[in-house]
Amino acid sequence: MVKNVGDGVSSKPIRIRAHHLLCMQGFQGFGYSKEFTENMAKITEKVLQNPSSFIKIVNGSDSICECCPHYDKGICTGESSSPNVIMFMDSLVLQNLKIEEGSIVSATQISSITKNLDGQTVNEICGNCSWRKKCLFFQEKRL
Ligand code: SF4
């Protein structure tokens with residue numbers, strides 16, 4: 001079980017939905033729109049290159065979704081995926097990493113808590129995601 005380090009955290013943690021823990025590590029600058037990729041790049045850099053930052057892992061829309069063209073009133077309306085599919089991906093990540101929804105973890109923990117996901121599990125989590133061929137995380141875990 002991942003330790004929740006929320007107690008005593010002073011700066012506000014960045015909301016990150018569970019499956020975006022994988023997306024952020026595989027991000028190569030591609031995305032749904034210019035606004036989306038700029039925001040994703042900004043958040044990814046802020047989290048992954050700032051060891052003192054904290055994230056709150058959620059099963060729902062996050063700070064990356066906020067600039068996505070598929071984001072509408074707090075819900076993902078992606079054409080290739082329904083909100084249920086996206087939330088299922090989040091649930092699979094939470095379940096496989098044994099993380100409770102709402103846990104707050106240090107940015108430095110992201111790599112260590114996700115590195116043990118095996119190729120089969122990643123394949124299941126990522127499902128029919130359209131970014132599989134461009135995602136470094138997926139490519140590195142590919143069976
Ligand atoms: S496709 Fe859905 S889950 Fe992905 S960033 Fe856009 S709104 Fe969020």
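This is a predicted model: local features need pLDDT of at least 70, side-chain atom pairs count only at pLDDT 80 or more; totals for chains, interfaces and linings use all residues.
Local features need pLDDT of at least 70 and side-chain atom pairs count only at pLDDT 80 or more, while totals for chains, interfaces and linings use all residues. Residues are numbered from 1 along each chain as its sequence is written.

**Whole chain.** Select the protein chain. Its C-alpha atoms fill a box of roughly 40 × 35 × 25 Å along the principal axes. Buried residues (20 or more other C-beta atoms within 10 Å of their own, with C-beta atoms placed from the backbone) make up 31% of the 143 residues.

**Elements.** Colour by secondary structure. The protein chain has six helices and five strands, in the order β-α-α-β-β-β-α-β-α-α-α from the N terminus. These are DSSP runs: H or I of at least four residues for helices, E of at least two for strands.

**Ligand.** Next select Ile64, Cys65, Cys68, His70, Tyr71, Cys76, Gly78 and Ile86, the residues around the ligand (C-beta atom, placed from the backbone, within 6 Å). This shell divides into six nonpolar, two polar and no charged residues. Ala, Val, Leu, Ile, Met, Phe, Trp, Tyr, Cys and Pro count as nonpolar, Asp, Glu, Lys and Arg as charged, and the others, Gly among them, as polar.

**Thr121.** Finally, go to helix α5 (residues 119–126), where Thr121 is placed. Thr121 counts as partly exposed because it has 16 C-beta neighbours inside 10 Å, between the buried limit and the exposed one of 12 or fewer. The C-alpha atoms of Thr121 and Phe137 are separated by 12 Å.
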